[in-house]
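My plan is to look things up one at a time and write down what I find.

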Amino acid sequence: MNPNPWKAVGLVANREISTRLRNKAFIVTTLATVVILAALAILVSLLGGKDKPFTVGVTSSTSALATPLEASAKSLDIKVDTRTVDESAGRDQVAAGKLSALLVGDGSTVHVVVHKSLDQKLGNALHVLAGNLALQQQVTSLGGDPAAVRAAIASASVTTDVITPPHKYNAENLVIGIIAGILIYMSLMLNGQAVAQGVVEEKSSRVVELLLAAVRPWQLMAGKVAGIGVVGLIQMVVVGGVGVAVGLATGALSISASAAAGTVIWLVVWFLLGFLMYALAFAAVAALVSRQEDVNGVVAPVLMFVIVGYVLGVSILPSDPGNGTLAVMSMIPTFAPTLMPMRLAMGGVPAWQALIAVVGTAAMIPLLVWASGRIYRNAVMRSGARIKLRDAWSPV
Amino acid sequence: MDRLEIDHLTKRFGDVVALDDMAFEAYAGEIFGFVGANGAGKTTTMRIALGVLAADRGEVRWAGKPLDETVRRLIGYMPEERGLYPRMKVGEQLIYLARLHGLSAPAAAAAVDEWTERLGVAGRRNDEVQKLSLGNQQRVQLAAALIHDPQILVLDEPFSGLDPVAVDVMSGVLRDKADAGVPVVFSSHQLDLVERLCDRVGIVRAGRMAACGTIDELRSGSTDTLVVEVAHAPADWWRTVPGVSLVSTEGDRALLSLPDGADDQTVLRAALAAGPVREFSRHRPPLTDLFRHLVTGGAEPDGGPSESEPAINRQGVSA
């Protein structure tokens with residue numbers, strides 16, 4: 001009879017999974033995150049994530065302005081549709097909100113009727129229209145050809161030679177990056193701390209002695225980390241997947257489905273790497289104490305790495321996604337799990353940087369398995385006062 | 001016969017010597033009582049046997065072979081520090097522990113049914129452990145030690161905190177297990193219980209086995225006492241019997257120490273010759289006395305009166 005050591009790890013992991021999936025706080029947090037993300041996506045789409053075209057009415061005397069208005073709106077990236085109406089009917093439609101504005105007058109000046117106030121964007125378009133109209137009138141009065149002037153202005157441009165083209169970050173990617181950062185931070189905090197609390201729970205309830213009579217310390221530690229990791233992974237896939245799906249479905253996200261999938265995959269990869277790294281460290285330091293109230297103190301140094309990476313990331317990257325210091329930090333294993341997924345979601349990360357971060361963090365894991373395993377093994381059976389790290393490393 | 005051998009274990013914690021050449025054996029089918037003052041090394045010995053601690057020197061063997069992981073999973077263990085997951089349900093917790101010990105899922109479920117039934121906590125299977133009374137938690141703890149049909153039982157203070165009914169249930173279970181051929185090793189401070197229940201007893205002092213054997217073997221070498229009350233007899237009537245010495249007197253009652261192998265009937269005849277005998281009882285020293293004698297260091301000569309006298313007196317009166 002030779003028991004398979006991984007069977008015990010599986011049993012331990014299984015207990016962690018079923019305990020955690022039934023934990024009310026866990027369920028509530030996960031559902032709340034999903035709901036908030038979905039609500040956010042719906043809100044974005046409702047608040048004009050997609051610009052609704054303005055509809056401007058023109059009368060028979062101002063209908064000549066319809067085409068120039070659409071052209072000047074287009075130059076400002078504003079969509080304007082025009083409709084020819086009778087003036088009195090048009091005024092009623094403006095009052096009813098069916099028309100954004102009604103162009104009145106004889107067409108020589110820009111004169112609009114609006115309901116309460118002129119929309120700023122539409123106002124800009126009208127302003128350009130008015131300018132063009134004035135210019136056209138002046139050119140005509142000076143005996144020039146307005147069409148030729150317009151063509152000359154249109155073809156005039158600045159020629160720029162760029163030596164290093166910068167990555168063009170768009171606002172949507174920045175937002176996705178921030179959300180990715182928040183998700184991975186939350187997940188590492190919640191699940192990492194769950195590992196620490198689980199270790200101490202076993203110590204404080206003394207059940208660890210009963211367990212260690214049946215399994216080896218490494219099996220207990222590995223099972224715990226694996227079990228909570230699986231739950232965290234499920235959580236990440238569900239939250240990330242639902243968020244992206246709702247975003248795409250509502251139109252809040254206009255990035256391609258493959259780019260969205262890429263973001264979720266990177267999130268999962270970085271959750272796994274980050275969780276394994278931090279959870280192993282959490283398990284080792286938590287084994288040093290025997291009471292739940294001592295957990296916070298002992299995990300604080302490890303937690304600092306998670307928090308520093310996250311806080312620097314969310315406070316600097318949105319305004320300066322190409323920040324050089326953060327680019328360097330995002331390749332250091334201790335900060336990579338929070339910083340790199342944010343940068344990756346924002347885009348413009350050279351492949352070699354992503355590779356260094358992944359390889360470096362992955363290389364930390366076997367190192368931590370060894371070091372944390374040693375500390376955990378030496379500390380987990382010693383109850384009572386907090387054990388010094390040095391004593392746990394090489395017991396007297 | 002298979003036996004659990006604790007072979008000269010030594011363990012130090014820093015400057016403290018917890019075990020100093022600890023050695024004894026527990027045979028299959030017997031209940032072995034492990035007694036000693038607090039800090040004598042009982043818990044450390046058990047933890048080493050379970051592989052929860054490592055010995056500095058020495059070895060624990062079962063059936064002649066050093067205990068490895070496979071054998072250790074066959075041990076039923078009840079740690080001194082009681083421990084269960086407080087927020088896990090009784091049934092789930094026991095199934096989990098049984099499976100960690102290698103039982104299949106159906107076998108584990110069947111064992112949980114059997115032991116919770118037997119230990120009287122079947123109705124609490126779906127309750128969280130923390131909702132149970134301390135006594136019921138103890139029963140669950142015992143179930144946790146028995147759930148995987150252990151081939152060896154090592155129980156640290158299994159009787160502490162139990163009500164009298166639970167003590168009887170526990171005693172019955174231990175006896176059944178021993179009868180089924182399992183060596184049962186348990187520690188306890190309840191010496192009357194140990195004396196009643198155990199086939200053999202080991203008395204530990206300062207990390208060493210001070211005495212080990214059946215209660216009768218432990219008694220040999222120590223002298224039996226006689227309580228004799230002879231009305232109106234001269235105070236020194238007992239002097240006519242060679243070898244007998246006086247421990248104490250109380251009115252007409254004399255507490256006499258009888259040398260090993262001496263015939264108590266000779267004393268009775270001498271007493272009858274001296275006057276009417278109102279009381280005559282032979283008193284064997286209880287484990288408590290042997291224990292006191294051994295753990296107080298044996299500094300006093302045999303039969304040292306200061307420690308043993310009150311106990312003998314009390315026993316003598318009731319005899």
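Is Asp149(B) buried, partly exposed or exposed? I note before I start that the model is predicted. I counted 17 C-beta neighbours inside 10 Å of Asp149(B). A residue needs 20 or more to be buried and 12 or fewer to be exposed. So Asp149(B) counts as partly exposed.

**Entry: two positive phi values**

I looked up the backbone of Asp149(B) next. Its phi is near 50 degrees, a positive value in a residue other than glycine. Asp149(B) sits in the loop between helix H5 (134–146) and E7 of chain B.

I then turned to Ala206(B). Its phi is also positive, about 50 degrees, and it is not a glycine either. I found Ala206(B) in the loop between strand E9 (200–205) and strand E10 (208–213) of chain B. It has 16 other C-beta atoms within 10 Å, so it is partly exposed.

I followed E7 of chain B to its partner. Strand E7 (residues 152–156) runs parallel to E6(B), and 4 bridges join them. Gly76(B) stands opposite Leu153(B) in E7(B).

Which residues cover the two sides of E6(B)? I found Ile75(B) and Tyr77(B) on one side, and Gly76(B) and Met78(B) on the other. All four are buried. I recalled that side chains in a regular strand alternate between the two faces of the sheet.

**Entry: chain B as a whole**

I listed 11 helices and 14 strands in chain B. Its C-alpha trace spans about 75 × 45 × 35 Å along the principal axes. Of its 319 residues, 42% count as buried. I also checked contacts with a separation of 6 or more: 71% of them join residues 24 or more positions apart.

**Entry: where the chains touch**

**Entry: domains and a sheet in chain A**

I moved to chain A. It is divided into domain 1 (12–46 + 170–393) and domain 2 (53–151). Their centres, taken over C-alpha atoms, are 55 Å apart.

I traced an open sheet of 4 strands in chain A, in the order E2-E1-E3-E4, with mixed pairing. Neighbouring strands are turned by 30 degrees against each other on average, direction ignored.

Strands E1 (residues 54–58) and E3 (residues 101–104) of chain A run parallel, joined by 3 bridges. Val58(A) stands opposite Leu103(A) in E3(A). Helix H3 (residues 66–75) of chain A lies across E1 and E2, at about 170 degrees to E2(A).

**Entry: nonpolar cores**

Which residues have the most contacts inside the largest nonpolar core? I found Phe282(A), Ala283(A) and Ala286(A), in a core of 162 residues. Helix H10 (residues 257–286) of chain A gives the most to this core, 19 residues. Another core lies apart from it, with 18 residues, among them Val58(A), Leu103(A), Val112(A) and Ala125(A).

Terms used. Residues are numbered from 1 along each chain as its sequence is written. Chains are lettered from A and ligands numbered from 1 in the order in which they are written. This is a predicted model: local features need pLDDT of at least 70, side-chain atom pairs count only at pLDDT 80 or more; totals for chains, interfaces and linings use all residues. Two residues are in contact if their C-beta atoms, placed from the backbone, lie within 7 Å. Two strands pair if DSSP finds at least two bridges between them. Axes are lines fitted to C-alpha atoms, for helices over the stretch in contact, and angles run from 0 to 180 degrees between N-to-C directions. Domain bounds come from an automatic or database domain assignment. A nonpolar core is a set of buried Ala, Val, Leu, Ile, Met, Phe, Trp, Tyr and Cys residues joined through C-beta atoms within 7 Å.
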